Amino acid sequence: QVRVVESGGGSVQTGGSLTLSCAASGGVSSDSVMAWFRQAPGKEREFVAARTWSGGSTPYSDSVKGRFTMYRDNAKNTMNLRMNSLKPEDTAVYYCAVRSRRIIVGVWSQQDVYDYWGQGTQVVVSS
């Protein structure tokens, strides 16, 4: 059983930055895929970014490409999402998701491939 815990959410003004962290314990290997999704008020949950625990290709949604960076913090053993140039439309609950076993990159944006989810962390961007 993998336990997933997000942290780092908060409130910032337009143009500000935040770094979210995802700590996953109990079954993460180098092949595990970790992803960030978000759900804005009144909208469906959507894909943000994903990568394997060991690194490599990191696909991003078009809405965050160039502003968000997903990376592993080796010192803290977390998978982080650095969010720069934040916009009001980035306001959402951000979720970390984990798939323990390897899977092709082409499906990383699909929510149903992930086995474990965190409770989410709120990000509010004010104008």
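This short talk describes strands, a disulfide and a few individual residues in one predicted model.

Good morning. Because the model is predicted, local features are reported only at pLDDT of at least 70 and side-chain atom pairs only at pLDDT 80 or more, while totals for chains, interfaces and linings use all residues. Residues are numbered from 1 along each chain as its sequence is written, and side-chain values use heavy atoms, with hydrogens and water left out.

I begin with the open sheet. Its 4 strands follow the order S1-S3-S7-S6, with antiparallel pairing. Strands here are DSSP runs of E with at least two residues, numbered from the N terminus, and two strands pair if DSSP finds at least two bridges between them. Strand S1 (3-7) and S6 stand at the edges with a single partner strand each, so one side of each lacks a neighbour in the sheet. From one strand to the next the twist averages 20°; the axes behind this value are lines fitted to C-alpha atoms, and angles run from 0 to 180 degrees between N-to-C directions. Between S6 and S7 there are 6 bridges, in the antiparallel sense. Within that pairing, Asp-73 has Thr-78 of S7 as its bridge partner.

Two loop residues deserve a remark at this point. Most residues other than glycine have a negative phi. Asn-77, however, has a positive phi of about 55° without being a glycine. Asn-77 lies in the loop between strand S6 (68-73) and strand S7 (78-83). Its relative accessibility is 42%, which means partly exposed, since buried is under 20% relative accessible area, exposed is over 50% and partly exposed is in between, with a 1.4 Å probe and protein chains only. Ser-85 likewise is not a glycine and has a positive phi, of about 50°. Ser-85 is located in the loop between S7 and strand S8 (92-99), and Ser-85 is partly exposed at 41%.

That brings us to S8. Of its 8 residues, 7 are buried, so S8 is largely enclosed by the rest of the structure. Which strands pair with S8? Strand S4 (residues 33-39) is joined to S8 by 7 bridges, running antiparallel, and Met-34 has Val-98 of S8 as its bridge partner. Strand S10 (residues 121-126) is also antiparallel to S8, with 3 bridges; here Tyr-94 is partnered by Thr-121. Strand S9 (residues 116-117) pairs with S8 in the antiparallel sense over 2 bridges, where Val-98 stands opposite Tyr-116.

Cys-22 is joined to Cys-96, with an S to S distance of 2.0 Å. The pair links distant parts of the chain, with Cys-22 in strand S3 (residues 18-25) and Cys-96 in strand S8, 74 residues apart. The torsion about the S-S bond is about -75°, so the disulfide is left-handed. Cys-22 is buried at a relative accessible area of 0%, and Cys-96 is buried at 1%.

Finally, I turn to Ala-50. Ala-50 sits in strand S5 (residues 46-52) and is buried, with a relative accessible area of 0%. Thank you.

How values were computed: Disulfide = S-S within 2.5 Å.
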